Amino acid sequence: MLKVAQAICYLFASLVIALFTLILKSDTFEPRTASAAILSQDLSTIRVWIVVIGLSVYSWRAASGHSLRLTLSVLTVVAWIMFFEDYLVLDKVLFVAQHPLATAVQVTRPAFLLAVTYVAFKQWELEDA
Amino acid sequence: MKKTDSSAEPRPSKEEIDALLKDMPLFDLKSVRNTLYKRSIRFRLCWVVLMLLTLSYVMGWFSGALLPMMASSFTNLEADYQLHQLRFLIGFLMIAAGTIAINFDRNIEPVFIGIFWVQLYFHLSGTLRLVRTLPEGETFSLTTYTVIQSTILLLMLWLIIEERIYQRNLYRL
């Protein structure tokens, strides 16, 4: 179960990196206003960096045998906050991309949130034991 | 079949319930103070300054003094205003989480590390948003925002360091 959850997390992170690379490079999305465009670009840039840094730190700590529970907890909390921001606010600003990658990110996001929360709780349990 | 009469069962009186709950930290507001007194004076100072900053922020928000400095005032974008409201709410939830951790004197360091990273995300995205939306020559809002957010981050970092020192000393004993 833990391996499956970890695989979902890795898959989602890869999809996000691929999607935002595509968005930032191609400039094909259509926000409602110029100001909204800047907002979505800025947040996308920050988020993709968070995903890249989070994934790198997690992989490095996992490979070197360091404690992972705090890293995972922080990443989980930040992931949930980003989700709330998107769901409650940015839904009205951001485009709904028709690209298959965007659909894949939207579809896998709830699974990712559940998976990352499970992995974080499991990690605390494993390291406490 | 014998029926049990629940009214005949002995029930604790209100005084007995109060006496039982007296020592439970959840119902004892003195627990925050007790935990703070166990920590160093620097830890207490950080906590008090953080609370004062929060209080002044709330006062500034409700008096309308903060409104002209917010990104939504420059962009007139509803999403900016809503984003601020959402982060305001998350900020209070984080304060609640920190206070609960202090109240129970458990997991203070992990909780504040989590709060620190969320606050850093808010700081970076907020600063970037202001940089991108502020009119030419308007630096007061940006400076004020950056100074306040950086102060909060530094205070939390200090709090985490102090907690780590306390736990290390406790472990040595």
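Student: Which residues in α3(A) meet which residues in α6(B)?

Tutor: Bear in mind that this is a predicted model. From α3(A) come A:Leu70, A:Ser73, A:Val74, A:Val77, A:Val78 and A:Ile81. They meet B:Pro110, B:Ile113, B:Gly114, B:Trp117, B:Val118 and B:Tyr121 in α6(B).

Student: And by class, how many are nonpolar, polar and charged in that contact?

Tutor: The contact of α3(A) with α6(B) has ten nonpolar residues, two polar ones and no charged ones.

Student: At what angle do the two helices pack?

Tutor: About 45°, with the axes of α3 (residues 69–88 of chain A) and α6 (residues 108–133 of chain B) 9 Å apart. Because angles from 65 to 115 degrees count as roughly perpendicular and those under 35 as roughly parallel, α3(A) is oblique to α6(B).

Student: Is the crossing left-handed or right-handed?

Tutor: α3(A) and α6(B) cross in a right-handed sense.

Student: Zooming out, how many residues does each chain put into the contact?

Tutor: Chain A puts in 21 residues and chain B 20. On the chain B side, α5 (78–104) and α6 each supply at least two residues. The most comes from α6(B), with twelve residues. By class, that side of chain B has twelve nonpolar, five polar and three charged residues.

Student: Change of topic: how many helices and strands does chain B have?

Tutor: Seven helices and zero strands.

Student: What percentage of chain B counts as buried?

Tutor: 21% of its 173 residues. As for contacts in chain B with a separation of 6 or more, 67% are between residues 24 or more positions apart.

Conventions: Residues numbered from 1 in each chain as written. Chains lettered and ligands numbered in written order. Predicted model: local features only at pLDDT ≥ 70, side-chain atom pairs only at ≥ 80, totals over all residues. Axes fitted to C-alpha atoms, helices over the stretch in contact; angles between N-to-C directions. Helix = DSSP H or I, 4+ residues; strand = E, 2+ residues; numbered from the N terminus. Parallel < 35°, antiparallel > 145°, perpendicular 65-115°, else oblique. Left-handed = near helix turned anticlockwise from the far one by under 90°. Contact = placed C-beta atoms within 7 Å. Nonpolar A, V, L, I, M, F, W, Y, C, P; charged D, E, K, R; others polar. Buried ≥ 20, exposed ≤ 12 C-beta atoms within 10 Å, placed from the backbone.
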